[in-house]
Each structure stands twice: as C-alpha cells, then as structure tokens.
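Here is a short tour of one protein model with its ligand. Look at the sequence and structure first, then read on.

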Amino acid sequence: MPPPPPLPDLGLGAERAEMLHARLDRWWPDLHAGLTELYGADRALQTGTEVVTHAARAFARRPDRLHRRDLERMLRPDWLQDPAMVGYAAYTERFADDLQDVSTHLSYLEELGVRYLHLMPLLETREGDNDGGYAVVDYRRVRPDLGTMDDLAALADDLHDRDMSLVLDLVLNHVAREHDWAVRARGGMLRYRSYFHVFADRRLPDAYERTLPEVFPDFAPGNFTWDENLRGWVWTTFNEWQWDVNWGNPDVLAEYVQIILELANRGVDVLRLDAIAFMWKRLGTDCQGQPEVHAITQVLRAVTRITCPAVAFKAEAIVAPSKLLAYLGQGPHTGKVSDLAYHNSLMVQVWSMLASRDVRLAAQALGSLPPEPPTATWLTYLRCHDDIGWAVMDDDAEAVGSTGPGHRHFLADWYVGDFWGSPARGLTFQFNPDTGDRRTSGTAASLVGLEAAETPEETEEALAALRLAHAVVYGWGGIPVIWSGDELGQPNDPDWASEPGHADDNRWAHRPRLDWQRAEARHDTSTVPGRVFSDLVELGRARASLPHLHASVPTTVGPVDDTGVLVTLRDHPLGRFAGVYNVTPQTRVWPGWRVHSLGLADAVDAITGRTLPWGDDGDVHLPPYAALWLTVPPR
Ligand code: GLC
C-alpha cells in the first residue's frame, strides 16, 4: 500500500495539523483499500489523493465547536449505543413551519426523551412530485420554503446544546432529472453523461431487467427510462425522474465526498445512506447489496473519520435479514462501514405477533439472526415514513408450520382490515400482480386498531397492544425511533391524497402533519394522546436507567413456553435483562420452573418497579398485553 498522499498547506496550527496527520495515518489504509476494490490500484491513488485533499480542506474549514464535538465523540465512541438514546423522525414542514421553527419545539422532543432527530430530506428538490424529497436537485441548498444552510447549522447548534443529534438523509443512489449533472448530461456533456448509467438501445437494459425486481411496480414500472435528449435509456430504479448515478465513475465518488463534508461542517451528526443497497449494478443479479456497495461506504466512512469523526452513518438497507449484516460490516469491511441499520425484521415481526397473537414465527426469525458486530446499533422502529413490506422469510415460516406466501398474504389482509376480526385500517401499497406482493401503509394507531375502536374496551385493547409493541421496540437494544405523530396516536391522514403530487402514493396517509392541538392533551392520561405519550415517556425513562440496554450487548430469544409470550434475553456484565411480552388479549402463563431456571424469580420490572405477578399455582400470570422488562436487583 502506498503511503498517504501529502496534504496541502492549509495554515493549520501545529496541534490541528498533528491531529489531521494522525487521523490520516490511521484511516488511509481503509480509504485506499476501498478505492482499490472499486477502481483498481492505479486509479485508487489518484482518486485517493483528490479525496484526501477535499478532506483536508474541509477539516480546515470545520468550525471549532464541531472540532470539539469530534473530540468528545472520539472519547465516547459508543455514543450511539447509549440506552438513553431515543429517536424521532419527521418531515420539517409537517412537524413545524420551517427549520427555524423546529428549534421552538425542542422542549416537546425533550419531554419525550428524544436525543436523535431525523429530519426527512430537506435539501432542494425538483418541483412537483419528488418522492418526499428523495429527488434532490441541489445538495448545497436547503429547500427555500424550509430555510437556508445557515438555518440548518443554527438548528444543529440548538440541538447540540440540548445533547441531541441531527440526522439527515444523504440520497446517494440517484439525483433528480433536474439536477445540474443530469441537465448537463442531457445537454450533451460526456463527462456528465458518464455520471449516469445510459444505454443507447434496449439490449443491456433488457438483459438487466431479467433479474431486476421493481421497487414501485404500481406507479413506476421497469428500471429504465427513455430520455429524448440523451437519446438513450437511463437507469431509474425508483421513479423515472430519479436517475441512478454511476458509482463506477470515481468522479461521482469525489462529488459525494464534498457533499458529505459540507453537510458535516453544518453540524449533521448522522447521515442516513438512502437506498444504499442499489448503488452498484451487476448483470445477472438483482443489483442490490453488491460487495462494492460496502467498499464505497468504507471509503466515505474513512473520509469522515479523517475530517469529522463525530459523524456516523446509518445504512438504509431494507433487505433480508441474512443480507443485512454486511451493511454493518462483515469480513474485510468489519468496523469500517455503517454503525446503524434499520431492524426491519423486528418491525415486521412485531406486527406479525400482534396480528397472529402468536410469537413462534418471531422467535424463529429473530432467534436465527446471525450475531451483529459489537460496534453496531440497530435502529428499532414500529414504523417509518415508508410502507411496511411483509418481509417474512419462507424458511422461517416453514420452520413453524406455516408458509411464507400464506403468512404474508394474511398480514397484508389483516393490516388493511380485510381479515375477520381485524381492527386495522391500513392501505394497500404497491400491489404487484406478478409476485402477489402487497405492502401496507398506515400510522401505528390506525394499524393497531385505535382508529377503528368504537367502545372504551376496544380503545383500551388497542392502547395496550400499542404499548406492548413500543415496549418491544424500546426494549430490544439499539435506538428506538418514533415516527412523528405516533407518539400521540395520530390516525391516518384522511386528506393525504389532496396535496399536489401525493395522490398516487398512499405512504402520505401515514405521514400526517403533527397535530399540535392533539399534543396539548399529552399530559392528560384520560385521553388517547395522553396515554400513548406517557407510555413512551415511561419507556424512555426506564431505558435510560438500564445499562443492560447498551446496544453492544446482543439480544437473544428465550424459549417459547406459551405461544403468546415472547421472551428476549440480554446478558450484560451487570446481570440479565429479560423482556417478557404477552402479545395476546388474554392472560397467559409463564411457567414458574422456567422463571427460576432463567434466574429471574426475584426480578423486578424496570418499567413499573413491580415484582413478578406470581399466581397461587406457582406460575407467573401475565395480564393481556403485559410487557415487562425484568432485571434482578443486586443482593
Ligand atoms: C428510500 C426511502 C424511500 C424512497 C426511496 C427512494 O427507500 O426511504 O422513501 O422512496 O429510498 O429514494
């Protein structure tokens, strides 16, 4: 491996210069190895030199307060794994008026225990439909209706003052058709044409299509779009106005390096690497999660570690559990890529348990996940801005006597209320007649039955089920992230289709504007918003008090003694943590002998402070939808 390239003279003071050199020495091997994997040894040095120059310049421009944050995080590398972390995700304009106004609502988030705020895409997008901001026209400008880059930096400061982190999307699989690179490509500039995957005829697109799935079969079928100006077919995995960029071109990588460093210097703490799985294309494959994706991430991560180590990466990879761990670093990429990833499987299994009132599939699926690296942190969630894809693996379903297609069908029916007894009010998203696949949109409240509840008993049951679901998400380990509105039990937005560009995409039904009037009732526990909000506050407080929930500790699934009771175990040096969840509306029994054999007979529930509900028969009787977080107090 060649030595690190020389740094430009930036007039840094001696201490800063020494710091930069030390970091370069430390991370250059990762940077160089990733580039070599992508572009070969010759080109690796050239691109490496260019990238390191960008890194050094950004380091020199980095504000002092952010250098300080870098230092703090180098001293606390497990900051994301802290059990006190609770996340919240929202569209700026649906949560507040604009970026400045977000600052006025931070005490609300503080009340909820939030330490991590993900604001949905807010950089300048194309006009008209823009996939909720995922069609960026300018990475260097904030959407004018939301404010400016200076407002973003000011908000980051306000968040940091309150010990909160700012999370932003980095859309790096595609740009809007109106982005400058695409405009230049369409204008005939070859340099920019090579930023995209363009094909003069259908030969290669047809060959790729043979193994490519469709992400939006409903409103954006196919993966290529004819462009008259290009006189070619351009790769468009998502919508036809979202052009996939060509990461096989090192110039594209250098562009994104600069974008990342500029966002980092505005105070962004976590970058959510949007649609990361799709970034590398290979004929004959589904073009998802190719090894090069991880090499790209390794390069980008090494650059941030040199310039701005306070910044972490979150992989947005909604893929099969067996494939997910590569995004958290496996083999040569261990510890070198993203530290955060969505626990999609947990999300699906929570909904599956509630619908089927049976934990066996969840125990099988969650119990057979390969162990994640100790530096990794799950992002656990009940719901996000996207639809729920019913990612139940065929093997897992068969292992518990069901079938994958059958159970997926059941869940897709249940959550739109098309199954007898279902109180759910979701909406079917992207029915694919070729595969039979149906996904579901809906807020947590609408999916769990709060929207449909007519009697106090039905409301009570839905609230209990929702508390249980949140307890699983908060008690798994990792950062639980609440989607805006779910903390108040907001139902689907009845007017979702009336906004321009939204009518075809019912994911907008579960992205309601935060109802601030509803929020006023959050302290009144006789109301639905009051109940849901206080349940979450309680769970957040309990979490923060439990070192057992530090994300480096793995979660295992305990034995299933009752098909309605899920037990999760986390063995921390301080002792055992057990999450015990009755996913049914009936009282269920946890056998006393099992409680003893797990060493939990004297355990106390950290959420309520109560001891176990023992029955006279020597078994533990779990009330409907009981959720207990057990630890054994030290003697
Ligand atoms: C991610 C986003 C989703 C978006 C897609 C394309 O999956 O979560 O909302 O449609 O990327 O950018």
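## Ligand site

The ligand is surrounded by 13 residues, counted as near if one of their heavy atoms lies within 4 Å of it. The closest are Asp131, Arg272, Asp274, His385 and Asp386. The shell divides into four nonpolar, three polar and six charged residues. Here Ala, Val, Leu, Ile, Met, Phe, Trp, Tyr, Cys and Pro count as nonpolar, Asp, Glu, Lys and Arg as charged, and the others, Gly among them, as polar.

This is a predicted model: local features need pLDDT of at least 70, side-chain atom pairs count only at pLDDT 80 or more, and totals for chains, interfaces and linings use all residues. Residues are numbered from 1 along each chain as its sequence is written, and side-chain values use heavy atoms, with hydrogens and water left out.

## Polar contacts and burial

Polar contacts are pairs of N or O atoms within 3.5 Å. A polar side-chain atom of Asp274 lies 2.8 Å from a ligand oxygen atom. For Glu316, the distance from a polar side-chain atom to a ligand oxygen atom is 3.0 Å. A side-chain N or O atom of Arg507 is 3.3 Å from an oxygen atom of the ligand. Taken alone, the ligand exposes 310 Å², and the protein buries 95% of that (Shrake-Rupley method, 1.4 Å probe).

## Sheet

Five strands form an open sheet in the order β18-β19-β20-β24-β22, with antiparallel pairing. Strands are DSSP runs (E, at least two residues), numbered from the N terminus, and two of them pair if DSSP finds at least two bridges between them. The edge strands, β18 (556-557) and β22 (604-605), each pair on one side only.

Eight bridges join β19 (residues 565-572) to β20 (residues 575-582). Arg570 stands opposite Phe577 in β20.

Conventions: Polar contact = N/O pair within 3.5 Å; in protein donor to acceptor, adjacent residues only side chain to side chain. Helix = DSSP H or I, 4+ residues; strand = E, 2+ residues; numbered from the N terminus.
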